[in-house]
Amino acid sequence: MANLREAQKQMTRRLLLESGLELFKTKGYAATTVDDIATAAGTTRVTFYAYFPSRGDLMKALIDEQLNEALQRVRSHEHGSTAQDLVATVVDGTPEAIKAWLRRTADNWPAIRPIIRIGRDAAVIEPELADLVERWLEEAISDIEDGLTAAGRFEPHQRHFRGVLAMAQLDFVAQNWRRADWKITHEQMLDELSVSWVDLLT
């Protein structure tokens with residue numbers, strides 16, 4: 001019975017997260033209320049608050065859980081979360097490994113892009129969310145730095161900034177790929193991004 005109750009609680013929490021994400025995507029963060037999310041999840045405002053103290057806390061959970069899940073990031077003692085495959089890719093440093101990692105990441109853009117975009121929209125409205133997405137990006141930058149350190153590439157003071165440059169490129173392309181007219185194919189984009197990453201990281 002206890003296991004069934006726990007499973008129901010997890011399902012309710014998941015429904016709230018999924019309903020929140022869908023509403024944030026369709027209505028926007030500012031226009032979506034706690035009541036909207038609760039109704040869409042088939043529950044009540046009281047139940048919502050039993051799981052999340054605020055709409056902003058639900059947004060934090062979307063970044064912390066769903067975004068990390070989409071990118072296979074795990075908890076890290078060093079810096080919040082870590083994508084072991086990104087660290088391993090940077091250590092490897094071959095053009096083939098880097099392009100393969102970028103391709104896997106690009107395949108996940110439909111799941112990743114809306115969460116990051118909503119996180120940035122939310123940060124405009126709620127000051128406590130101001131650095132939500134940037135903190136997450138900083139964790140990915142730290143993964144690149146870890147990989148460069150493990151590989152013994154570049155001077156210590158260069159590693160973090162090279163990660164900043166690599167992630168800034170990836171974030172910009174990911175957020176603008178569908179709406180920009182860059183006159184290149186998806187494969188050409190991956191080629192160009194890979195060349196740039198190889199140049200930065202090896």
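Helices (H or I, at least four residues) and strands (E, at least two) are DSSP runs, numbered from the N terminus. With that in hand, welcome to a predicted model, where local features need pLDDT of at least 70, side-chain atom pairs count only at pLDDT 80 or more, and totals for chains, interfaces and linings use all residues. Residues are numbered from 1 along each chain as its sequence is written, and side-chain values use heavy atoms, with hydrogens and water left out. The protein chain has ten helices and two strands.

**The whole chain**

- Starting at the N terminus, the order of elements is α-α-α-α-β-β-α-α-α-α-α-α.
- Along the principal axes, the C-alpha atoms fill a box of roughly 55 × 40 × 30 Å.
- Of the 202 residues in the protein chain, 44% are buried (buried means under 20% relative accessible area, exposed over 50%, partly exposed in between, with a 1.4 Å probe and protein chains only).
- Contact means heavy atoms within 4.5 Å; among contacts between residues at least 6 apart in sequence, 66% join residues at least 24 apart.

**A look at Ser19**

- Ser19 sits in helix H1, which covers residues 2–27.
- Why is Ser19 counted as buried? Because its relative accessibility is 10%, and the buried class is under 20%.
- Beyond its neighbours within four places in sequence, Ser19 is in contact with Ile37, Ala40 and Ala41.
- A polar atom of the Ser19 side chain lies 3.5 Å from the backbone nitrogen of Ala41.

**Salt bridges**

- The whole structure holds 14 salt bridges (each is a side-chain nitrogen of Lys or Arg within 4 Å of a carboxyl oxygen of Asp or Glu).
- Asp36 and Lys27 form one of them, at 2.8 Å from N to O. Asp36 is partly exposed at 23% relative accessibility, and Lys27 is partly exposed at 41%.
- Arg55 pairs with Glu126, with the closest N and O atoms 3.3 Å apart. This pair links distant parts of the chain, 71 residues apart: Arg55 is in helix H4 (residues 55–70), and Glu126 is in the loop between helix H7 (109–125) and helix H8 (132–151). Both Arg55 and Glu126 are buried.
- Asp85 and Arg104 also meet in a salt bridge, at 3.7 Å from N to O. They are 19 residues apart, with Asp85 in helix H5 (residues 84–92) and Arg104 in helix H6 (residues 95–107). Asp85 is partly exposed at 24%, and Arg104 is partly exposed at 40%.

Key
A polar contact is a pair of N or O atoms within 3.5 Å; within protein, one must be able to donate a hydrogen and the other to accept it, and residues adjacent in sequence count only if both atoms are side-chain atoms.
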